[in-house]
Amino acid sequence: MAFAGTAAPSSLFLGHLPFHFGKSSFAHFTHNSACVFKVKALFWGSRRSVKPADKVLPLGEFALSGAESQGDTGTTEKISVSVVSSISEVSPDEWDSCSLDSTGRQEFNPFLSHSFLSSLEESGSAVEGNGWISQHIIAKDESNNILGVVPLYLKSHSYGEYVFDHSWANAYYSYGLSYYPKLQCSVPFTPVTGPRILVSNTSHRDQVFDILVSAMKDLAIKFNVSSLHITFPTANEWHKLEKKGFLQRIGMQYHWKNRNYKNFDEFLMDMKQSKRKNIRQERKKISAQNVTMKRLRGSEIKANHWDTFYKFYRNTTDNKWGTAYLTRDFFHRMGAKMGDNVLLVVAEEGDELVAAALNLIGGDTLYGRLWGCLPGTYYAHLHFEACYYQAIDAAIELNLSTVEAGAQGEHKIQRGYMPVTTYSSHYILDEDFKRVIDDFLVRESAQVKLVMQLLQDSGPFKENAWN
C-alpha cells in the first residue's frame, strides 16, 4: 500500500546509481552501489524559466486526415488543442466520458475521474505550492465537443510519482543543466496503472491520440523543460509511445488475483501449507487483541471517520516520510464526490477507532491506497489484516478480479500478492542525455525482469495455482 508524502527514492536499481559522464564523453552509468545517493538538484541550482498557462493556452488546430464535414465532402474536419490550468475548466461529464471511453465501464478507473482529480486540486493537495501546476491538455472538435483529455502537470520536483528519476536530476545538475521544471503526465501521488491519454469513442480515436501526444511534446519544447514523463500508462499506450520517441521503463508492483474464489478459505487452499498456516495465525491474532474489523462504504463513512483517518495518515507520514501532501480537506471532498467507489477498512478496539485503510473501487479492481493507525499504538499483524486480507475479502465479496496493493513491499508476496509489471515512458529533449538514459534503462529493465522471475519462482502458491 502506497503513501502520499515526500519520500526519498528507494528503487533497488536507481537509488544508488548516480551518473558519471561528461557532456562530451558520455562514458556510462556506474554500477558502484556503494556510492552515496544525493539529490542536490531537488533543492538548489538554476531552474529553467517557464511561463505556464494562466487559464487557457491554445496549442493550435489539427486536421483529421480522411475526415469530412457532414454534407460537405470538400471541408476537412479540424480539432483544436489547448492547455487549461485547472480541471475545473472542463465539465465533469465530458472529462469522465473520455475516461470511461478509454477504460471501458468494466475497467473503470476511479483515479482518472473528474471527482478524484478535482479533489486533489480543490483541496490544495496537487497545486503549485506543492510543486504540481495543472496544465491539462484538451482536444475539441469544431462544435466544441471534447474529444480527448490528458492529466498533465508542470513539476518542480520528483516527489509523489513512484517512478524515481532523482539520479537523472542529479546528473543534469552535476553538468550545469536544469532538470526542473519537467512535465508529468500522471495522477498525483497515485501509482496506479491506467490510460493517460483519454480519448472519447470516435471514428478518429487513433488520430486524436497521436495529436494529443504530439501536443504534449510540443508543449515540452514550448516550455523549454528538460523532459516529459508519462507514468503508469497501460501496456498498449507504452508500446505506442515507444514509436513516438519515448524511452521505455518498467517497474514492479504486487497484485492479488481472484480465481473465482467463493471465500477467503478457498483462496488459502491455493497456497502452500506453510503460507496458509501463517496467514490463518496472523488473522486469529487480530480478534485475540480485541480488535474488530469493519468495512465502510460510501454514505457509511462519516465526517468523523475522515477526520480520524487524516490523523492516522499524518501519523504514518510524520513517522515514515516527513511531510504529507494530502490535506484533511482532500479526504472529505473525495469521499463526498466518489460515494460508493470509496471503501474504508476500519479497526476498532471497543468504541475507539485505532487504524484504517483507504481503498477505491474500480470496475474490476480494488485499489489499496493509504493506511494509518493511532499514534503510539501497536497491534500485531493489524497492517496485514487491514490492508491485504480485508481487501481480499472485499474483492471476493464484490466479485472483483484484482486487488492492487500499491507500490513496493516484498512482504506482500507471502500473503498472496504477486509481482506484475508496471510501465512508464520518458521523452528526454537533450539527445546526449537521452542516449545515456536509454542505455541505463535497458540494463535496469533486465534487472527488473530477473528479480520478477526469481520472485515468481519462489512464490507462496502451489504449483500451477498462479498463472
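Histidine 381 is partly exposed, with a relative accessibility of 23% (buried means under 20% relative accessible area, exposed over 50%, and partly exposed in between, with a 1.4 Å probe and protein chains only). The phi angle of histidine 381 is positive, near 65 degrees, although the residue is not a glycine. Histidine 381 is located in the loop between strand 16 (365-373) and helix 10 (382-398); helices (H or I, at least four residues) and strands (E, at least two) are DSSP runs numbered from the N terminus. The model is predicted, so that local features need pLDDT of at least 70 and side-chain atom pairs count only at pLDDT 80 or more, while totals for chains, interfaces and linings use all residues. Residues are numbered from 1 along each chain as its sequence is written, and side-chain values use heavy atoms, with hydrogens and water left out.

A positive phi of about 60 degrees is also found at asparagine 260, again not a glycine. Asparagine 260 belongs to the loop between strand 12 (247-257) and helix 6 (264-268) and is exposed, at 66% relative accessible area.

Tyrosine 180 and proline 181 are joined by a cis peptide bond, with omega about 0 degrees. Proline 181 lies in the loop between helix 3 (166-174) and strand 9 (182-185).

Strand 9 pairs with strand 11 in the parallel sense over three bridges, where pairing requires that DSSP finds at least two bridges between two strands. Leucine 183 stands opposite leucine 228 of strand 11. Strand 11 and strand 18 (residues 418-428) run antiparallel and are joined by five bridges, with tyrosine 427 of strand 18 as the bridge partner of leucine 228. In strand 11 (residues 227-231), five of five residues are buried. Ser227, His229 and Thr231 are buried on one side, and Leu228 and Ile230 on the other.
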